[in-house]
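Trainee: I'd like to walk through this one with you, starting with the overall build and then the surface. Can we take a look?

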Amino acid sequence: MNVVPEQLTAKDFATDQEVRWCPGCGDYAILKALQRTMPEIGATPEKTVFVSGIGCAARFPYYMETYGFHTIHGRAPAFATGIKLSNPDLDIWVVGGDGDMLSIGGNHLLHALRRNVDLQILIFNNEIYGLTKGQYSPTSRIGTRSPSTPQGSVEAPVSAALFALGSGARFVARSVDTDQKHLPVMFKRAHAHRGASLLEIFQNCIVYNDGVFDGFKDPSVAADRQVRVEHGQPMIFGKEKNRGLRLRPGAFEFEAVTIGENGVTAEDIAIHDETNRVMATLLASMDPDTLPVALGVLYCNPAPTYETGVLSQAADVRAKSPNANLNKLLRSGYTWTV
Amino acid sequence: MASSAAVAEISAPREARESVVVRFAGDSGDGMQLTGGQFTQATALAGNDLATFPDFPAEIRAPTGTTFGVSSFQINFGSRRIKTSGDAIDVLVAMNPAALKVELPNVREGGVIVADVGSFSERNIKRAGFAANPLEDKTLDAYRVVEIDVSALTMEAVKESGLGKKDALRCKNFWTLGLVYWMYGRDRKATVDWLNGKFAKRPDLAAANIAALNAGHAFGETAELDDMPSYSVAAAEIAPGQYRTVSGGEALAWGLVAGANKAGLEIMFGSYPITPASPLLHILSRLKQFGVVTFQAEDEIAAVCSAIGASFAGHLGITSSSGPGIALKGEAIGLAISTELPLVVVNSQRAGPSTGLPTKTEQSDLYQAVYGRNADAPLVVLASRSPSDCFETAVEAVRLATKYMTPVMLLTDGYIANAAEPWLIPDVDKIPPFNVTFRTDPEGFHPFVRDEKTLARNWAVPGTPGLEHRIGGIEKAYGSGHISYDAANHQKMTDTRKAKIDGIANDIPEQIPEQGESSGKIAVVGWGSTFGPIDRAVSNVRADGHAVSHIHLRHIWPMPRNLGALLANFDKVLVPEMNTGQLVTVLRAEYLVPAERVSKVSGQPFKIGEIEGAIRAHLEA
């Protein structure tokens, strides 16, 4: 039984269940980071609900000492919407992988985002189907060889961040499973945001897609291949902190430049404005072959939440009919007595 | 049918009739459903018992004058109890040749046809598929035809309104309604009030329609047509009390609200529009003052999932659809069964597999309801027999769902959803409450600890300190609810889920015949909307002294505990169904009785004669 101590710790959010991910799976790091973050954001186990679909990532609720609902493939956002409409005080986290959220659940993700239901939606993106043993996923790159694409996949991948922005999401962020400093910051930002928060976490599948993100995750290249964006700050990256993003003159796109080269000065580096959806879209669109991968809060621009709209309408109706009586309703309109 | 009924004025003696069937038929833009609804209201106010049958095309607005665009509304009313919308039409109001073409086969020989000759243009006649004008050849020799240029008379009646021709002609239906009101001595006041209310913002339209209504009525009074029949239908002998008309959609919505109220819960209704289930979404979305939240989901799957999520969070989750949508909900319903959460699933059945006939009725989702999920996934199945019966069935659905922590499938159909009948309004305060108790005590709590008697598990909702737990579709250990792949545990959990649902048989009434003895020659067993025609057919054969009984099931699954023994008391079991024999299969499987089917799958309700004929054939066999 869970006896809540005054000051909660990460342990208070860990269940007694044996974690059954493959040794070395990126999910462990995410679990650890989140369990560590929960006390810091003032979460309480009884008010917190984890909702998931199906897949490796979807086992997440079993390992969190909170309320949890492990549902069916792809539909977690729909369950979460029903939970939120029934009890808006609950703090709801939706967890799923790229297949769960962007393939079978793409429709529900779209609608949860555009309705702006107050949920933290975490996509563990490893660009592969893990639980079904290694088939390519909707985020897999063209040419991905898998049991179902032995000659390499020919499908163009979907970008979770661009999908979210296109769906009307008001919060879109990205982080990396192993980054135990950055990841908690993103959890906190997502949690602080009222409305649907979409956090894409680049996660390593050690068995079926090991190292797929090494091109920007590996410590040897990370500084040059990632740009950590922060609101109001110039978008600087590189080992020497002398590289940056600037708007290519005459074009709607970023280019990577080096301060001190070709007349580029610090003033030329673009300042991140997380309330600007166009800028977020440019950041999410950057080709990882030529530009760094943007991590951090790409977009945060709050709007009224869905449940607030729905429940305030209901409250208005109730306020206007404080003596609502079913017997009266049944006898309204034309009646006659025999 | 009397041979003639010359009438000069309203005081003239009217031909007394025990019951009458009237059908209004026209283009889907002619306002036939509205006309029928108003006639229903006026008829109910006159004290008759009645039943209606709205029948309309799937197209929103089919091309004018086509047979596939015909929309009609039938009402059967009388001075006796009316249980069906009627076998054959006594009075057909045909707004155009296509309506005549479609409905003529249903008109009783010698019946009255009121035809708007203004619409019988050469083009319309041809479009309807007549070789020549049916008003001019021998096509209608067997009927009494009243030819009126309704279009011209309506134009004349509303000319002072200043409406353009198109708007003026749209009053035709009220002109016709006025005429039919005269034929049956109906009071126009309720309709006038209704028009004034509906067109409060367009008084010119209200005035024009009222003028048309009055003109039609005056026409009947003064036309001195020899072939213009008029009737009196005495008030029916009806149990005393306060009445209203109610459609299945309304009764269902109100019953769900009443049920939730008795359970002490608020409703979260997740649904996706689909014919003929949508009225429930529309009605419930206007009942927020009763603690109803409605969610128009992005698809059927999201609809049911949101409802299950709501039940997890402590609301009463309800979802509603028609057969194709229920098919999509199947996996999620399985999750609700596995996680043992309450859920009410309303299925307004429609005709045919896949899209089928969306606006036509059938009761062919019984297999889907009872068996239609992967693995052993039992749930409760109930069926409403009539529009007003939807109220009680809905309350029962909520009671069983919450008491046993289980999904309940409530079967209704397109006919029930849209049809209306008078309803003795119940006193909601007299329905016994069945308050839900959420688990709050952490001591010894496990999510799958069960009540010994009902086998229902704890309902512990998020937000309750100390009861944090995880549930899901993976098999759970008996009691603790932790994930379990243990073979013996799966056997035990499967057996328990089945035993829980089977045990509900002890919590529902024993089956008693609606009509007839508990033994005899033939038991006619029905379920759902076939109640009316079966009831009348059985009473007809019983009037001839035959030992035939009518047994009508509300509880389809589990079945009443005495049903097997009851059926064994009859020589034969006959099951009329609007499908190819689904209940028959279940009865045969459950009780090893030689039940036989009487099947109809035309998208139209049974006629009394069809069932009566089948019973008589079996009596002779």
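Predicted model: local features only at pLDDT ≥ 70, side-chain atom pairs only at ≥ 80, totals over all residues.

Trainee: Does the radius of gyration of chain B agree or disagree with a compact globule, and what is its value?

Mentor: For 621 residues, a compact globule would come out near 25 Å. The value for chain B agrees with that. Along the principal axes, its C-alpha atoms fill a box of roughly 85 × 60 × 45 Å. As for the radius of gyration of chain B, that's 27 Å.

Trainee: And what does the secondary structure of chain B come to?

Mentor: Helices and strands both show up, including helix H3 (122-127) and strand S7 (144-148). For chain B, the count is 20 helices and 22 strands.

Trainee: Which residues form the negative surface patch in chain B?

Mentor: Start in the loop between helix H3 and strand S7 of chain B, where B:Glu136 lies. B:Glu136 is exposed, because its relative accessible area of 67% is over the 50% cut-off. The negative patch is formed by B:Glu136, B:Asp137, B:Asp141 and B:Glu147.

Trainee: Now chain A: which residues make the nonpolar surface patch of about 230 Å²?

Mentor: Look at the loop between strand S6 (197-202) and helix H7 (214-217) of chain A, where A:Val207 lies. A:Val207 is partly exposed, at 46% relative accessible area. The patch is made by A:Ile206, A:Val207 and A:Tyr208.

Terms used: Residues numbered from 1 in each chain as written. Chains lettered and ligands numbered in written order. Heavy atoms only, no water. Patch = residues over 30% accessible without salt bridge, like charges linked within 9 Å, V, L, I, M, F, W, Y side chains within 5 Å. Areas by Shrake-Rupley, 256 points an atom, 1.4 Å probe, with all protein chains shown as cover. Salt bridge = Lys/Arg side-chain N within 4 Å of Asp/Glu carboxyl O. Lys, Arg positive; Asp, Glu negative; His and termini not counted. Charge placed at Lys NZ, Arg CZ, Asp CG, Glu CD. Helix = DSSP H or I, 4+ residues; strand = E, 2+ residues; numbered from the N terminus. Buried < 20%, exposed > 50% of the residue type's maximum accessible area, 1.4 Å probe, protein only. Rg over C-alpha atoms; globule rule 2.2 N^0.38 Å.
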